[in-house]
Amino acid sequence: MGIFSRRQTATIEPPSAGGSGSSGSSGSYASSGGVALDSALRGLTGQWTIDGPHSRVGFSVRHAMVTTVRGAFADYDSTLYFDGDRPSASRAEIVIRVGSVDTGVEQRDAHLVGTDFFDARRFPEMVFRSTSTVHEGGETFRMTGDLTIRDVTRPVELQLDYLGSVVDPFGFERVGFDGTTTIDRTDWGLVYNQRLAAGGTMVSEKVRLQFDISAIRATS
């Protein structure tokens with residue numbers, strides 16, 4: 001997400017009170033759903049801050065049936081918490097200012113924030129709030145949540161892939177996740193389109209959302 005300048009804050013909430021779930025001293029251990037987890041994930045439990053210059057909140061959509069338009073949102077706030085012992089306790093929220101959309105073409109961006117699409121004056125924010133997280137095996141998780149666009153809220157599922165963790169040259173512990181989902185924009189009232197003479201539509205109804213996250217462990 002590092003090609004845009006953005007204003008954002010990212011805070012991670014502490015875990016809820018209660019037990020820490022299954023445990024083990026080495027190797028793999030079981031999540032609350034019974035799926036084996038790499039023991040290295042236990043060390044990632046806690047608060048994380050999104051590193052904006054190395055992250056991206058973006059989308060892609062088919063245009064005129066033959067090409068793909070890609071864009072990103074430059075302005076958003078996030079809260080994240082990862083629980084390596086109990087993935088079900090992990091949670092995320094992202095609040096995106098839709099007026100910050102950037103596809104690289106000013107005229108297209110102006111159309112997107114207008115009444116045909118986001119109607120940013122009336123509905124300035126798009127919000128995702130997680131409701132559950134499930135470990136599906138290996139380094140893949142499924143995060144279910146509510147996505148609100150134009151005051152319409154509908155459930156979505158993200159495939160969330162853990163990319164690894166390192167200590168960077170500056171001494172910061174860093175972790176990476178990729179999240180993707182595909183939605184039908186008309187479910188949220190984004191119904192504008194134009195028909196092509198040869199058949200098909202100018203803008204696909206299917207939109208792929210992409211969350212490429214680099215996060216740094218929050219300091220106390």
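1. **Glu 125 and its neighbours.** Leaving out residues up to four places away in sequence, Glu 125 touches Val 95, Ile 96, Arg 97, Val 98 and Thr 148. Glu 125 sits in strand β10. Its relative accessible area is 38%, so Glu 125 is partly exposed. Thr 148 is 23 residues from Glu 125 along the chain, and their C-alpha atoms are separated by 8.3 Å. Please read all of this as a predicted model.

2. **The overall build.** How many helices and strands does the protein chain have? There is one helix, and there are 14 strands. The chain has 220 residues, and 45% of them count as buried. Now take the contacts between residues at least 6 apart in sequence. Of these, 60% join residues at least 24 apart.

3. **Arg 97 with Glu 125.** Side chains of opposite charge can pair when their charged atoms come close. Arg 97 and Glu 125 meet in a salt bridge, at 3.8 Å from N to O. Arg 97 belongs to strand β8 (residues 91-97) and Glu 125 to strand β10, and the pair links distant parts of the chain, 28 residues apart. Is Arg 97 buried or exposed? Arg 97 counts as buried, because its relative accessibility is 14%. Glu 125, at 38%, counts as partly exposed.

4. **Other salt bridges.** The structure holds twelve salt bridges. One of them joins Arg 174 to Asp 51, with the closest N and O atoms 2.6 Å apart. Arg 174 lies in strand β13, while Asp 51 lies in the loop between β4 (46-50) and β5 (56-63), so this pair ties together parts that are 123 residues apart in sequence. Both partners are buried: Arg 174 has 18% relative accessibility, and Asp 51 has 12%.

5. Asp 184 forms a salt bridge with Lys 206, and here the closest N and O atoms are 4.0 Å apart. Asp 184 is in strand β13 and Lys 206 in strand β14, so the bridge ties together parts 22 residues apart in sequence. Asp 184 counts as buried, because its relative accessibility is 17%. Which residues do shared partners join into one network? They are Asp 75, Asp 77, Arg 97 and Glu 125.

6. **Arg 185, a charge without a bridge.** Arg 185 lies in the loop between β13 (173-184) and β14. Arg 185 is buried, yet it has no salt bridge. The nearest side chain of opposite charge is Glu 205, 5.9 Å away. What does the side chain of Arg 185 reach at 3.0 Å? It reaches the backbone oxygen of Tyr 192. Beyond neighbours within four places in sequence, the contacts of Arg 185 include Phe 117, Leu 190, Val 191, Tyr 192 and Glu 205.

7. **The nonpolar core.** The largest nonpolar core has 42 residues. Which residues have the most contacts inside it? They are Phe 73, Leu 147, Ile 149 and Ile 183. Strand β14 (residues 203-217) gives this core its largest share, six residues. Take Ile 149 and set aside its neighbours within four places in sequence. Ile 149 is then in contact with Phe 118, Met 126, Ile 183, Trp 188 and Leu 190.

8. **Aromatic pairs: Phe 73 and Phe 118.** A search of the whole structure finds six aromatic pairs. In one of them, the rings of Phe 73 and Phe 118 have centres 5.9 Å apart and planes at 70°, so the pair is edge-to-face. Phe 73 lies in strand β6 (residues 67-73) and Phe 118 in the loop between α1 (106-113) and β10 (125-137), so the pair ties together parts that are 45 residues apart in sequence. Phe 73 and Phe 118 are both buried.

9. **Aromatic pairs: Tyr 162 and Phe 177.** The ring centres of Tyr 162 and Phe 177 are 5.6 Å apart and the planes are at 50°, so this pair is tilted. Tyr 162 is in strand β12 (residues 152-167) and Phe 177 in strand β13, so the pair ties together parts that are 15 residues apart in sequence. Tyr 162 and Phe 177 are both buried. Ring pairs also link Phe 82, Phe 141, Tyr 162 and Phe 177 into a cluster.

Technical notes
Residues numbered from 1 in each chain as written. Predicted model: local features only at pLDDT ≥ 70, side-chain atom pairs only at ≥ 80, totals over all residues. Heavy atoms only, no water. Core = buried A, V, L, I, M, F, W, Y, C linked by side-chain atoms within 4.5 Å. Buried < 20%, exposed > 50% of the residue type's maximum accessible area, 1.4 Å probe, protein only. Helix = DSSP H or I, 4+ residues; strand = E, 2+ residues; numbered from the N terminus. Contact = heavy atoms within 4.5 Å. Lys, Arg positive; Asp, Glu negative; His and termini not counted. Polar contact = N/O pair within 3.5 Å; in protein donor to acceptor, adjacent residues only side chain to side chain. Phe/Tyr/Trp six-rings, centres within 6.5 Å; stacked < 30°, edge-to-face > 60°.
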